[in-house]
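Please look over the sequence and the structure below before reading on. The paragraphs after them go through a few contacts between side chains, one at a time.

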Amino acid sequence: MAIRKIRQLGDECLTKVCKEVKMISPRTKILVQDMFDTMYEAGGVGLAAPQVGVLKRIVVIDVDDNPHVLINPEILETSGEQTGYEGCLSYAGKSGIVTRPNYAKVKALNLDGEEYILEGEELLARCICHECDHLEGIMYVQKVEGDVVDNADLYAEEEETE
């Protein structure tokens, strides 16, 4: 398929609320494959359609070699809490500390238009919440506790403590 350009912080597309997908067409399936290709190429674990300039409620996630497509996702339940560094392909090379639920349960459609439930803990829960925020025009930097840091500085700091 194709690698798409990832929109960066400051792009107006990232601040818009996305529209519901009414019909899963061949174009939708191509978009989803392109999103996976783009996410893998960039070394990410999640990507939302507005990050590639499409204002549709579509998310792809792969945190454990088990790819998930979420079309029109709706978070049904969250619980617990985790705080840690989080980054985003739309703000490449930067991270910030964000508190998210440690568990998330989401209802969505798959590529066949079938409704399903995805439950996740830890990284998967963080990813579900992060990507669903994108569909509402919310970037993680709006939730950062403290400063956003350059990943090179973060990795250098980790090496010093080892």
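Predicted model: local features only at pLDDT ≥ 70, side-chain atom pairs only at ≥ 80, totals over all residues.

Residues are numbered from 1 along each chain as its sequence is written, and side-chain values use heavy atoms, with hydrogens and water left out.

Side chains of opposite charge can pair when their charged atoms come close. Here a salt bridge means a side-chain nitrogen of Lys or Arg within 4 Å of a carboxyl oxygen of Asp or Glu, and a search of the whole structure finds ten of them. One of these joins D34 to R4, with the closest N and O atoms 3.0 Å apart; D34 lies in helix α1 and R4 in the segment before α1, so the pair links distant parts of the chain, 30 residues apart. To describe how covered a residue is, we call it buried under 20% relative accessible area, exposed over 50% and partly exposed in between, using a 1.4 Å probe and protein chains only. By this rule D34 is buried, because its relative accessibility is 3%, whereas R4, at 27%, is partly exposed.

Another salt bridge connects R126 with E86, whose closest N and O atoms are 2.4 Å apart. Since R126 belongs to helix α2 (residues 123-135) and E86 to strand β4 (residues 82-87), this pair ties together parts that are 40 residues apart in sequence. Both R126 and E86 are buried. D133 forms a salt bridge with R100 at 2.8 Å between the closest N and O atoms, and this pair links helix α2, which holds D133, to strand β5 (residues 94-100), which holds R100, across 33 residues. D133 counts as buried at 12% relative accessibility, and R100 is buried at 5%. Through shared partners, salt bridges join E86, R100, R126, D133 and K143 into one network.

Because F36 and Y40 are four residues apart in helix α1 (residues 26-42), about one helical turn separates them. F36 is buried at 8% relative accessibility, but Y40 is partly exposed at 41%.

Key:
Helix = DSSP H or I, 4+ residues; strand = E, 2+ residues; numbered from the N terminus.
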